[in-house]
Amino acid sequence: MDLEVLWRYAPSLLSGFGVTVMCWSAGGALGLVLGFVIALLYRLRLAPLRWLLRVFIEVFRGTPFLVQLFLLYAGGPYIGLKLSATTAGVLGLGLYSSAYFAEIFRGGFAAVPVGQIEAAMSVGMKPFDVLWRVTLPSALIAAVPPIVNMLIVLSKETVVLSIITVPELMYQMQTMAAETFTAFDAIFAMAAFYWLLVEGVSRLGARLEARVTAFMAEEARPA
Amino acid sequence: MIEIRALHKRFGAHEVLSGVDLTVGHSEVVCLIGPSGSGKSTLLRCVNFLESYDAGDVRIAGKLIGYEDASDGTRRPMGARNLREMRREIGMVFQHFNLWPHMSALHNVAEPLRRVRGLPAAEAEERARAMLKRVGLSDKAAAYPSHLSGGQQQRVAIARALAMQPRLMLFDEPTSALDPELVGEVLEVMKSLAAEGMTMLIVTHEMGFAAHVADRIAFIDAGRIVEQGPPRHVFHESAEPRVRQFLQTYHDRNSF
């Protein structure tokens with residue numbers, strides 16, 4: 001372990017970490033919004049629309065993120081979509097994760113007991129109020145643990161952005177390794193940064209989960 | 001208050017209701033009894049159109065629910081707004097309470113008052129508190145459903161329905177999901193409602209309660225009402241073999 005080399009490369013590693021966090025949070029936010037919209041559209045029960053959404057989900061879940069990203073960045077210009085590496089990276093993460101988030105939200109909606117909705121209908125609530133006040137809170141609460149899980153998975157998918165030259169942590173680490181022939185030190189530093197990120201996300205996730213399930217009895221709360 | 005005529009309902013090939021006629025008068029308490037799978041709950045759910053029906057009429061205070069009859073004799077589904085307006089007048093209590101788990105007892109009761117009756121928050125909560133007091137749960141206003149016993153949850157559910165000031169109340173096996181020692185508190189609330197003149201249609205397996213509180217008992221079997229009348233008649237004088245068999249089974253199971 002060469003601390004002198006690490007120290008010399010600290011600024012570029014830190015900036016790489018910053019880019020990673022930025023791409024991850026922007027991509028994750030985009031994926032959450034998009035996934036939520038997809039799940040809502042799915043509830044409209046329009047057969048052709050459902051079919052389209054299904055295809056979208058299957059394509060983005062069924063192919064490697066690496067391939068999607070490469071197609072978006074390298075193939076985009078052929079259909080008039082010229083994106084900077086970072087923009088393509090964020091958009092790619094967003095599209096990829098939206099397929100998973102859509103399924104998570106759909107599962108959340110499906111987990112709402114039908115009786116809760118019937119109770120709302122039996123007092124004469126409007127469909128929008130039923131969705132907004134009854135279905136949605138129940139569905140979102142059920143969706144929090146898998147959402148946190150997916151965000152953690154996504155934080156590690158960001159390494160793939162290095163292949164389209166986004167200057168994120170992996171990219172900086174590879175540069176350092178190539179320039180100094182210190183493969184082990186560089187990988188160690190990178191692992192430490194990712195661990196930091198994942199630890200932070202899962203702690204925030206645990207707090208969020210505790211908050212949204214505060215109304216549940218101890219024994220009914222998911223462990 | 002409720003008039004049901006020649007009601008038919010099928011699930012696929014299986015006919016659940018095969019021509020049910022039943023009326024419930026103003027302030028009358030009618031208990032529906034019968035074996036499981038006989039169509040009791042389906043019948044009850046047709047009254048507020050949580051379940052659609054295939055033929056026949058269900059009228060609430062003279063108005064057909066769920067459909068609109070055109071002058072040329074055809075029938076089309078009722079508009080969503082009209083249906084909501086009718087449902088506001090019909091309180092329903094479910095076997096599994098169906099409280100909203102993310103709202104406190106108070107907000108479970110206040111929510112429909114705000115969203116449906118359009119009351120301001122303060123007024124809705126004030127009325128909700130009064131309703132919780134009425135079912136004996138003043139001290140549980142802030143509690144979430146998962147922190148309440150089954151009996152308490154069901155009383156909150158009754159308060160939620162009552163707060164809407166319905167003209168009639170439907171009960172779908174309100175005590176079937178409760179531990180035996182919690183049944184009494186729910187039945188007490190229902191008794192007091194009956195005593196105040198609420199129109200009630202109740203699906204129940206509590207024969208003792210039915211015998212004491214109901215003005216009329218309707219026995220339903222295989223989608224038809226095969227016997228109805230005052231409790232005394234149905235429980236003690238019925239010549240209908242299916243009623244006698246059902247009651248015999250009930251007695252055998254409950255004697256020790």
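**Interface and sheets of the predicted model**

Analyst: Chain B and chain A bury about 2000 Å² between them, and carbon and sulfur atoms give 60% of that area. Buried area is the accessible area (1.4 Å probe) that two parts lose on being put together, summed over both. Trp100(B), His102(B) and Arg115(B) supply 29% of the area that chain B buries against chain A, more than any other three residues. This is a predicted model, in which local features need pLDDT of at least 70 and side-chain atom pairs count only at pLDDT 80 or more, while totals for chains, interfaces and linings use all residues. Residues are numbered from 1 along each chain as its sequence is written, chains are lettered from A and ligands numbered from 1 in the order in which they are written, and side-chain values use heavy atoms, with hydrogens and water left out.

User: How many residues does the contact take from chain B and from chain A?

Analyst: It takes 24 residues from chain B and 21 residues from chain A, where contact means heavy atoms within 4.5 Å.

User: What makes the pair Arg45(B) and Glu118(A) a salt bridge?

Analyst: A salt bridge requires a side-chain nitrogen of Lys or Arg within 4 Å of a carboxyl oxygen of Asp or Glu. The N to O distance for Arg45(B) and Glu118(A) is 2.6 Å, so the pair meets the rule. The count between chain B and chain A is 2 salt bridges. Over all chains, the count comes to 24 salt bridges.

User: How many residue pairs are in polar contact between chain B and chain A, and which elements of chain B supply the side that touches chain A?

Analyst: There are 5 residue pairs in polar contact, both residues at pLDDT 80 or more. A polar contact is a pair of N or O atoms within 3.5 Å; within protein, one must be able to donate a hydrogen and the other to accept it, and residues adjacent in sequence count only if both atoms are side-chain atoms. Helix 2 (80-87), strand 8 (90-93) and helix 3 (105-115) of chain B each supply at least two residues of the side that touches chain A. Helix 3 of chain B gives the largest share, 3 residues.

User: Why are strand 2 and strand 5 of chain B called edges?

Analyst: The open sheet of 4 strands has the order 2-1-4-5 (chain B), with antiparallel pairing. Strand 2 (14-24) and strand 5 (63-64) of chain B each have a single partner strand, so one side of each is left without a neighbour in the sheet.

User: How do you know that strand 4 and strand 5 of chain B pair?

Analyst: Two strands pair if DSSP finds at least two bridges between them. Strand 4 (residues 55-60) and strand 5 of chain B have 2 bridges, in the antiparallel sense, and therefore qualify. Arg59(B) stands opposite Leu64(B) in strand 5 of chain B. Strand 1 and strand 2 of chain B pair over 8 bridges, also in the antiparallel sense, with Val20(B) as the bridge partner of Leu7(B).
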